[in-house]
Every structure is written in structure tokens, then in C-alpha cells.
Amino acid sequence: MKPSDIHILIVDDEASIRDALKQWFELDGYNVSSAEDANAALLKLQQGPWDIVMLDIKMPGIDGLELQRRIKKIDKNIITIMITAFASVETSIQALKEGAFDYIVKPVDPDDMSHLIRNAVEQRRLMHENNQLRQHIDDISFSDEIIGESPEIKKVLEKVLEVSQTDSTVIIKGENGSGKELIARAIHSQSHRKYFPIITINCGAYSDGLLESELFGHEKGAFPGALYRRQGRLEMADKGTIFLDEIGQISDKMQADILRVLDTRQFSRLGGDKVIDVDFRIICSTTHDLERAVQEGSFREDLYYRLNVVTISIPPLRERKLDIPALARFFIKKYSQSMNKNVLDISQDTLDMLVEYNWPGNIRELRNVIERAMVVAKGNLVELDDLSFFFPVVDIGSEETLPSLDEVEKIHIQKVLDQTNGNIAQAAGILKVSRLTMYNKIEKYQLKKSKNDMPH
Amino acid sequence: MPYIYIQPIKTDYAPWIEGLEKSVYTVFGYHTKVANLDINLEKTFDQTRHQYNSSQILLQIISRPPADAVKVLGVVNVDLFIPILTFVFGEAQLRGIGSVIALHRLNNKFYGLSEDRELLKERLVKEAIHELGHNFGLVHCNNQSCVMKSSTYVEEVDQKSADMCSRCRELLRELL
């Protein structure tokens with residue numbers, strides 16, 4: 001905010017005070033106006049946005065205290081500064097109690113006046129910045145980054161909207177690279193906690209001791225190397241959301257610790273005895289089958305039921321192939337901007353190939369493939385050649401009779417089916433595709449389920 | 001040809017006028033003349049505060065400026081005030097013709113120190129350029145060494161230079 005963006009209104013029945021203050025603030029570059037009484041001030045207050053009002057406490061008619069009350073009714077964020085003579089300091093204290101920013105006793109030291117107005121302007125600037133940041137947060141929607149029209153992803157988005165309005169604990173299940181953190185952020189950004197942080201901690205990336213210290217923080221000297229007191233992630237997430245990525249990988253001890261925090265919403269830093277109260281919402285994610293882990297005894301049943309209030313399962317990319325074109329185009333647009341390249345689209349044959357592929361690494365893999373293709377792309381289309389690193393030519397047949405992709409796929413699937421004696425589930429497992437895809441492929445290529453079968 | 005007029009008010013200007021004239025010409029490009037306006041200083045004295053009302057002095061300065069005056073700068077050696085503040089080093093009309101500065105609080109003697117004439121001259125030049133800068137339309141600058149930085153203590157006057165920062169110089173060029 002420039003000084004000229006700050007609007008100051010001076011209300012005083014003494015013309016000499018009014019003029020002196022107006023002139024003084026104008027030299028600082030502020031936008032200043034004045035009024036000789038409360039009525040004139042109230043008229044001016046209706047006319048435009050004001051940041052600071054300096055008002056004399058003793059004025060004929062409506063006095064400064066009453067005027068301040070009316071100003072706060074119009075806009076409670078306007079900063080009011082009372083001007084008073086020595087005799088009415090008590091009234092000034094009353095004004096402070098009613099929300100005045102400060103008061104000055106006439107005549108005031110120029111240095112005090114400069115500091116006062118600088119602080120008031122800073123306060124106003126912070127308010128303005130806070131509003132802008134809130135607006136910015138309101139404008140950000142992580143849902144915009146969740147691409148897809150498939151019924152599977154639509155179902156996920158509906159659930160995100162549903163749970164974001166509550167404080168319930170959520171488990172997000174999905175394979176690596178399927179966008180679990182994005183879903184967690186989408187839930188947070190649409191919840192009432194959106195103005196507070198979402199803190200992510202990858203539970204699988206830390207050893208037991210480190211995870212404990214990361215989550216709960218530690219006091220100075222809590223363990224060798226704890227040179228300073230450190231805030232834990234749970235503390236940082238106060239009033240916000242904590243996202244525990246890969247919850248299935250934590251030890252028994254950490255499971256017990258997390259369960260206790262979930263129950264009490266209280267914890268202590270390592271090496272400390274002060275109990276810290278926190279208000280957070282937990283979202284966790286897992287690639288593991290937690291139910292099986294519970295059955296096998298590697299994950300506490302009570303913790304599982306405590307966490308498993310709402311479950312959101314993100315389908316792997318191979319089960320939402322409908323979304324691959326939109327996702328590919330989204331990443332092309334994204335990288336065109338960040339790489340400053342004029343790549344506008346992707347050729348149909350390349351897209352077909354991407355749709356055909358199995359995507360074991362899910363969206364992350366697709367994103368990386370597009371990024372790499374964009375680096376080598378020459379024109380304004382991503383072509384098949386740009387993906388040669390990803391789909392190398394399979395050496396089947398002689399050079400004269402190079403097979404098509406369909407032929408290669410057909411031969412390969414048949415080979416797998418032969419090896420599994422026509423067991424479709426087993427073949428689907430080896431090929432890392434769904435059984436449905438297997439049936440579709442068998443249908444498409446008229447394959448035999450086993451060597452002895454007639455073609456399907 | 002227009003001039004910036006300097007109006008000493010009941011003060012001996014011989015010790016500082018030459019240096020001030022040079023600086024004013026360097027910064028604003030106007031030659032200066034010493035004015036001889038009829039200013040009644042006593043009339044501006046406030047019995048209760050024992051100070052002189054700078055706004056009232058300024059009113060007298062601008063009431064009948066010389067015909068060829070682009071600006072008129074009054075210089076007094078008394079303690080100045082404006083009604084809301086305990087004192088001022090000077091006062092200027094923003095984008096106006098007149099300004100006034102006081103030697104009183106620029107002098108080391110006011111602070112119980114031995115007189116330093118060179119330092120006094122330096123401070124006077126800074127305050128004169130500062131107030132004339134306001135007359136030409138400049139507002140306070142945040143640059144610590146710029147002469148347009150606001151000073152509420154004499155130490156702050158000493159901290160800043162007598163020159164304008166490049167931004168204020170650029171603005172002044174546009175305003176001149």
C-alpha cells in the first residue's frame with residue numbers, strides 16, 4: 001500500500017488543529033480530508049472507504065466517544081485515534097476500551113505522532129493484506145486440479161465435497177501416484193479450516209524416533225542433537241489439517257502415540273512436560289490394505305476404527321482410462337507454461353497409445369511421461385516420436401515385417417495366457433491390468449484362453 | 001526571470017546566506033534573492049506556549065510575495081509550533097509558494113552543547129531544501145539518506161544528507 005492509498009479523516013471543531021493535522025499528514029503523502037463536527041464526519045464516512053479517523057473527544061453536539069461508536073457500526077475495521085486535552089484522559093481510556101487504536105494528548109511530540117500514525121498505517125496494511133490473502137485462499141481450489149469426467153473420479157469428488165464440510169477423520173486409499181495428497185488438499189481447501197495450514201508428514205520416510213520428534217516436536221536437550229526447542233507438525237497444524245501420508249507404515253509405538261493424541265487432542269513435546277492442546281483434523285492415506293494389516297496384527301484395530309470414519313478410494317488410472325486424454329492435455333498445458341513452450345496438444349495416435357498403456361505408476365507416471373515428452377517435443381503437438389523413450393520398439397519379427405502395436409500386444413497377452421494355462425486372474429496379475437481389461441483384450445484379439453482352446 | 005526568495009526574519013543572515021543560495025540553485029536550478037517583506041513576528045507569539053505559531057508566520061509570508069517569486073522561504077531564529085505539535089523545525093505548503101524554517105532547534109546551543117556554526121549551516125541547508133521540496137510538490141521519502149526524509153529530531157536531520165535520492169530527484173524534475 002502506498003501512502004496515497006491510505007485515507008485519513010480528521011474530525012475536530014478547532015480549525016487550526018484540523019488544518020495543522022491535515023497539512024502534516026499530507027506531507028507524508030497520505031490522502032487526508034477533514035470535518036468540523038460529527039455530522040459532517042458521518043456524511044464523509046458514507047462517501048468512501050476510510051482507513052484512519054482521528055477525532056477530537058470534546059466536540060459540540062455528538063462527542064468523540066459517540067462518534068466512535070457510530071464509526072465502528074459503519075465499519076468496525078476503521079482505525080480510530082482520539083485527540084484529547086490533558087483534562088480528558090479518562091475519557092480517552094474509555095475510548096480505548098471501546099475499540100480506539102490509541103489517543104494523543106494535545107500538543108503531541110512530532111516523533112510520537114509519526115510513530116503513532118506509522119503503527120496505525122501498518123495495522124491497516126496488515127488488515128488489508130490479510131483480506132487479500134483470505135481472498136486468494138478462497139480463489140484457490142484444488143478441485144480444479146483434479147481432472148477427469150469418469151464416473152469413478154466424479155464419485156471421489158462428490159465424497160470430497162461431502163467430507164470437507166465435516167471434521168471427520170478420513171482415510172484416502174489409493175495406489176502410488178494416484179493423487180492422494182491432492183485429494184487431501186482438496187478436502188482441506190473446502191473446509192472451514194482452509195485459512196489455517198495443512199501440514200503433510202510422510203510417515204514412511206522417517207525412522208521411529210524421527211517421526212516422533214517430527215510429529216510432537218522436542219524440547220532443547222531432549223536427545224543428543226536436540227540443540228533447540230522445535231515445534232512438532234501437530235502443533236503447526238493447530239486449527240488446520242494434518243495429513244499423515246503412508247499411515248500403514250508406522251510402528252506399534254507410534255500407533256499407540258497417535259491413538260492417544262486422537263483421543264485426547266493433547267500431547268507433550270519430547271523431553272517436555274507441558275501439555276499442548278491442539279485442534280486439528282486428521283486425513284491419512286495408505287497404499288496398503290489396512291484391513292488385512294489389522295487381520296494380520298500389524299496395525300492396531302482400535303486405531304484403524306478410530307481413523308476409518310470416512311474412506312475415499314481413488315481408482316488407479318488404468319481403471320479410469322476415460323480420463324487419460326484430459327489428464328494428458330492438462331499436463332501439456334501446465335508444462336507449456338512452465339517450460340515456456342508452444343505445445344498445444346497431443347496427436348491422436350500418441351493419445352491412443354497412452355490410453356492403451358497400463359500405468360502402474362498412475363497419474364504421477366503419466367505426468368512424468370508428458371513432462372519428458374514435452375522436453376523433446378519440436379512442434380506444437382506431442383507426437384509418438386517424442387515418446388520413444390517410453391515405448392521402445394519391441395524386437396519381434398524381422399525388419400521387413402515389423403509388427404503393429406496391436407500385434408505385439410496380442411502376441412504378448414497370448415504368451416502370458418499360455419503360461420498361466422488360461423487363468424485370466426493370474427494373467428491379469430502378471431500384466432498388471434484388471435480382469436475386465438483382460439476379457440476385453442481376449443475379445444478384441446480373439447485369443448485362446450489356453451493352448452488347447454479354440455480361438456475365442 | 002523567477003527567483004526563489006529567502007526572507008530572513010529578525011535574524012542575521014550573513015553567516016549562512018551564501019551557502020544556502022548555492023545549495024538551492026544546485027537542487028532546484030533557481031537563483032535566489034533576499035526578500036524584504038514586512039513580517040510581524042511578535043504578532044505570532046503564543047503567550048501560553050512561549051513559542052511562535054509557524055502557520056501564522058507562513059500566512060504573512062505568502063500574503064504579498066514578490067511578483068517574480070517562484071517560492072518564498074522564511075528563516076527565523078525562534079521556536080516554532082503548530083497547534084497540534086509541541087514544536088516544528090519548519091512548515092511548508094505542499095505545492096504552494098511559501099515555507100518557513102527555524103534555526104532555534106537546529107542550533108547546538110538549544111541542546112546545551114557548544115555552538116557549532118558549520119553544523120548549524122549544514123542543518124539549515126537540509127531543512128531549507130526539505131521545505132522547498134514540499135513547495136515543489138514532493139512528499140516525505142523513506143530513503144534514510146534523502147533530504148526529503150521526515151525528521152522529528154535534530155539527530156535525524158544530521159543522519160540524512162543534503163541531497164535528494166534518485167527517485168525524489170526524478171520526481172522533482174517532473175514537477176519543475
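Q: What is the accessible surface of chain A, and what share of it belongs to carbon and sulfur atoms?
A: This is a predicted model, in which local features need pLDDT of at least 70, side-chain atom pairs count only at pLDDT 80 or more, and totals for chains, interfaces and linings use all residues. Residues are numbered from 1 along each chain as its sequence is written, chains are lettered from A and ligands numbered from 1 in the order in which they are written, and side-chain values use heavy atoms, leaving out hydrogens and water. Areas come from the Shrake-Rupley method with a 1.4 Å probe, and for residues only the protein chains shown count as cover. For chain A the surface is about 23600 Å², and the share of carbon and sulfur atoms is 50%.

Q: Is A:Val261 buried or exposed?
A: A:Val261 is part of helix α10, residues 252-264 of chain A; helices (H or I, at least four residues) and strands (E, at least two) are DSSP runs, numbered from the N terminus. Buried means under 20% relative accessible area, exposed over 50%, and partly exposed in between (1.4 Å probe, protein chains only). Because its relative accessibility is 4%, A:Val261 counts as buried.

Q: Which side chain of opposite charge is nearest to A:Asp12?
A: A:Asp12 sits in the loop between β1 (7-11) and α1 (15-27) of chain A. Lys and Arg count as positive and Asp and Glu as negative, while His and the chain ends are not counted. A salt bridge is a side-chain nitrogen of Lys or Arg within 4 Å of a carboxyl oxygen of Asp or Glu. A:Asp12 is buried and has no salt bridge, and at 4.4 Å the nearest side chain of opposite charge is A:Lys106.

Q: Which peptide bond is cis, with omega near -15 degrees?
A: A:Pro107 belongs to the loop between β5 (102-105) and α5 (110-139) of chain A. The cis bond runs from A:Lys106 to A:Pro107.

Q: How exposed is A:Lys239, in relative accessibility?
A: A:Lys239 is not a glycine, yet has a positive phi of about 70 degrees. The residue lies in the loop between α9 (233-236) and β10 (241-245) of chain A. A:Lys239 counts as partly exposed because its relative accessibility is 41%.

Q: What is the relative accessibility of B:Arg95?
A: B:Arg95 lies in the loop between β7 (90-92) and β8 (98-102) of chain B. B:Arg95 also has a positive phi, about 55 degrees, although it is not a glycine. B:Arg95 counts as exposed, with a relative accessibility of 60%.
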